Amino acid sequence: MHHSRLCTLVLDCKTDDLSKAATFWSHALGKSIVTLDQDGDGKYAELATEDDEPIILLQRVDHESRVHLDIETDNLEAEVERLEKLGATRVAFVRDRWWVMEAPSGHRICVVRPQRERFGPHLNRWE
């Protein structure tokens, strides 16, 4: 048995100026900017969300801009296997921390460990 839930809406931004993209999305969504450099590498900016809302993360990328979802789980391998049974495929294991997968529809999904201190409240329980 393991748990998972949608945790993050990731806006992949093909840009050299992530702060400009973060400012646009901050104003468009009515969310303040928490940080323009989450990991200190200039690749991630985060907008403010409530504990019961998905995290909104902007990621500087080299590929075309798109949106992908992060699913957080307390058992990475079990969740990846569950998604594979639904037709998703593994693309890459990144930084020994998360799996990038591709849904049968062609959309990307990242399967990650819990992203907030509290893992609830909208959990799915999988047997």
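The model is predicted, so local features need a pLDDT of at least 70 and side-chain atom pairs count only at pLDDT 80 or more, while totals for chains, interfaces and linings use all residues. Residues are numbered from 1 along each chain as its sequence is written, and side-chain values use heavy atoms, with hydrogens and water left out.

**Salt bridges**

Side chains of opposite charge can pair when their charged atoms come close. Here, a salt bridge is a side-chain nitrogen of Lys or Arg within 4 Å of a carboxyl oxygen of Asp or Glu. How many salt bridges does a search of the whole structure find? The search finds 11, and the table shows some of them.

| Pair | N to O distance |
|---|---|
| Arg66 and Asp12 | 3.5 Å |
| Asp39 and Arg95 | 4.0 Å |
| Glu77 and Arg90 | 2.6 Å |

To place these pairs, we need helices (H or I, at least four residues) and strands (E, at least two), which are DSSP runs numbered from the N terminus. We also need a scale for cover: buried means under 20% relative accessible area, exposed over 50%, and partly exposed in between, with a 1.4 Å probe and protein chains only.

Start with the pair of Arg66 and Asp12, joined by a salt bridge. Arg66 sits in strand β5 and Asp12 in strand β1, so the pair ties together parts that are 54 residues apart in sequence. Asp12 is buried because its relative accessible area is 4%, whereas Arg66, at 36%, is partly exposed.

Next come Asp39 and Arg95, which meet in a salt bridge. Asp39 is in the loop between β2 (33-35) and β3 (44-47), and Arg95 in the loop between β6 (89-94) and β7 (98-102), so this pair ties together parts 56 residues apart in sequence. Asp39 counts as partly exposed at 41% relative accessibility. A network of salt bridges links Asp39, Asp41 and Arg95.

Glu77 and Arg90 also form a salt bridge.

**A buried glutamine**

Is Gln59 buried or exposed? Gln59 is buried because its relative accessibility is 14%. Its place is in strand β4 (residues 55-60). A polar contact is a pair of N or O atoms within 3.5 Å; within protein, one must be able to donate a hydrogen and the other to accept it, and residues adjacent in sequence count only if both atoms are side-chain atoms. The side chain of Gln59 makes such a contact of 2.7 Å with the side chain of Asp12, and another, of 3.1 Å, with that of Tyr44.

**Cysteines**

A disulfide is a covalent bond between the sulfur atoms of two cysteines. The rule used here asks for a pair of cysteine sulfur atoms within 2.5 Å, and the count comes to zero disulfides. For Cys7, the nearest cysteine sulfur is that of Cys110, 9.3 Å away. Cys7 is buried because its relative accessibility is 3%. For Cys13, the nearest cysteine sulfur also belongs to Cys110, at 14 Å. Cys13 is buried too, with a relative accessible area of 8%.
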